[in-house]
2 protein chains.
Amino acid sequence: MPESIVLLSGGMDSSTVLAIAKSKGHDVVALTFDYGQRHRRELESAMKVAAKIGVKEHIIIPLDLGKYLRSALTQRGMHVPQGRSEEEIGSGIPDTYVPSRNIIFLSIASSIAESRGAGNVFIAVNAVDFSGYPDCTPEFLDAFGNVMSVGTKAGREGAPIKIEAPLLKMSKAEIVKEAVRLGVPLELTWSCYLGGKKACGRCDSCKLRLKGFEQAGIKDPIEYEVRT
Amino acid sequence: MPESIVLLSGGMDSSTVLAIAKSKGHDVVALTFDYGQRHRRELESAMKVAAKIGVKEHIIIPLDLGKYLRSALTQRGMHVPQGRSEEEIGSGIPDTYVPSRNIIFLSIASSIAESRGAGNVFIAVNAVDFSGYPDCTPEFLDAFGNVMSVGTKAGREGAPIKIEAPLLKMSKAEIVKEAVRLGVPLELTWSCYLGGKKACGRCDSCKLRLKGFEQAGIKDPIEYEVRT
């Protein structure tokens, strides 16, 4: 079985990618970063999901960049937007953007992959029902793939680490259906940008997730403060 | 003064880049990674050099990837090549290659730069007297620059973080002369891949450095086990 690294945040999307990689016969190593995100619930979810779906190894990398990165996800002084409409979510780059986040995650993942001889890195970026982050687009993935080709030994030898983004062109509703089909433990996942006892239901991430469940005609098993 | 991040390892090259950035009027933030390198002497050198040349801030990021990365620089079980000829150094990628190292360093540096509004990241890559690392070439820098353009908010807004590599096309002898001209405290720098009391004089890095000093007609002020 080919060994692959799956970037796992603990959210619905990356948990689904983990299940997709396994369903395609990959021997999966999950990789999670503890990067000072405000919502540490995500980390607990990542551990539970990896254990439930089953992985060869779950690597958790402490990456204490929180105080250096300007983002509502890492800085307590910044406000996580809530209650935005679908149109607002679709326009512009919100304060929850973390500069270069996926570039950092992919570069460390590819470094570990090349070191251990794994050929692929799976990432749960999505360019349909997403928050407009520039590091979640096909152009970004192409550009990063080019870095892998020219800037690594594996690439120079003709076998660059392949970046796989199986959710790239799926809607949230399609992701929900795929998650259910593959038996992803959705009750263990955490997508909310805040770290309350229940998901807030009002941040962009909760709203996109709830919309996906609604359009899929499936009830989201996690608890929300409000379902909007 | 424009604020810039300078990747500083503590070696001769990055210390020279720090001096170049300052000489061009940049307000410099030095950034050093503690990534499990065997030669921790480098870190001490980085701190001394930053203090001596003078920086606005010196950020040291712990990045404990050593056990996951296959490289003679991070794994004690691997051998750092010594005594190689100039031809051998110039051919192929040696075991001291750390997969995606500069990709990781540049992505974190650009994330911090974008977060604090700095416009440039300086890196001491060199494609003339170098060890053949694929992440030290003009093609790599172009590819990474493209990632900055398409994959970041700053890039999308037309002002991507600019990656500056002032040593890219300089020979080691030219770097030595530039370092002397700018008053770089070369006696504080550490380029050896090993962490002995004196530089070994036989690893690729020592050999390239010694060759540079010899061709520049200048005596290297640091102590060596042997000068070959």
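1. Two strands pair if DSSP finds at least two bridges between them. Helices (H or I, at least four residues) and strands (E, at least two) are DSSP runs, numbered from the N terminus. On that basis, Thr32(A) has Ile60(A), in strand 3 of chain A, as its bridge partner. Strand 2 and strand 3 (residues 57–62) of chain A run parallel and are joined by six bridges.

2. A note on conventions. Residues are numbered from 1 along each chain as its sequence is written, and chains are lettered from A and ligands numbered from 1 in the order in which they are written. This is a predicted model: local features need pLDDT of at least 70, side-chain atom pairs count only at pLDDT 80 or more, and totals for chains, interfaces and linings use all residues.

3. Strand 2 of chain A also pairs with strand 1 (residues 3–7) of chain A, parallel, over five bridges. Ser4(A) has Val28(A) as its bridge partner there. With helix 1 (residues 12–23) of chain A, these two strands make a right-handed β-α-β unit. Right-handed is meant as follows: with the strands pointing away from the viewer, the path from the first strand over the helix to the second runs clockwise.

4. How many residues of strand 2 (residues 27–34) of chain A are buried? Six of its eight are, so the strand is mostly covered. A residue is buried if 20 or more other C-beta atoms lie within 10 Å of its own, exposed if 12 or fewer, and partly exposed in between; C-beta atoms are placed from the backbone.

5. In chain B, five strands form an open sheet with parallel pairing and the order 3-2-1-4-5. Strand 3 (57–62) and strand 5 (162–164) of chain B stand at the edges with a single partner strand each, so one side of each has no neighbour in the sheet. Neighbouring strands are turned by 25 degrees against each other on average, direction ignored. Axes are lines fitted to C-alpha atoms, for helices over the stretch in contact, and angles run from 0 to 180 degrees between N-to-C directions.

6. Strand 1 (residues 3–7) and strand 4 (residues 120–122) of chain B run parallel, joined by three bridges. Ile5(B) stands opposite Val121(B) in strand 4 of chain B. Helix 2 (residues 41–53) of chain B packs on the sheet, touching strand 2 (27–34) and strand 3 of chain B. Its direction makes about 170 degrees with that of strand 2 of chain B. Contact means C-beta atoms, placed from the backbone, within 7 Å.

7. How do the copies relate? Chain A can be laid on chain B with an RMSD of 0.0 Å, by a turn of 180 degrees and a shift of 0.0 Å along the axis. The two copies are thus related as by a two-fold rotation axis. Superposition is by least squares on the C-alpha atoms of residues with pLDDT of at least 70 in both.

8. The copies meet through the same surface, because 100% of the interface residues of chain A are also interface residues in chain B. The contact takes 35 residues from chain A and 35 residues from chain B. Helix 4 of chain A gives the most to its side, with nine residues.

9. Gly155(B) is in helix 6 (residues 153–156) of chain B. It counts as buried because it has 22 C-beta neighbours inside 10 Å. Not counting residues up to four places away in sequence, Gly155(B) touches Pro134(A), Met148(B), Ser149(B), Val150(B) and Pro160(B).

Key:
Two residues are in contact if their C-beta atoms, placed from the backbone, lie within 7 Å.
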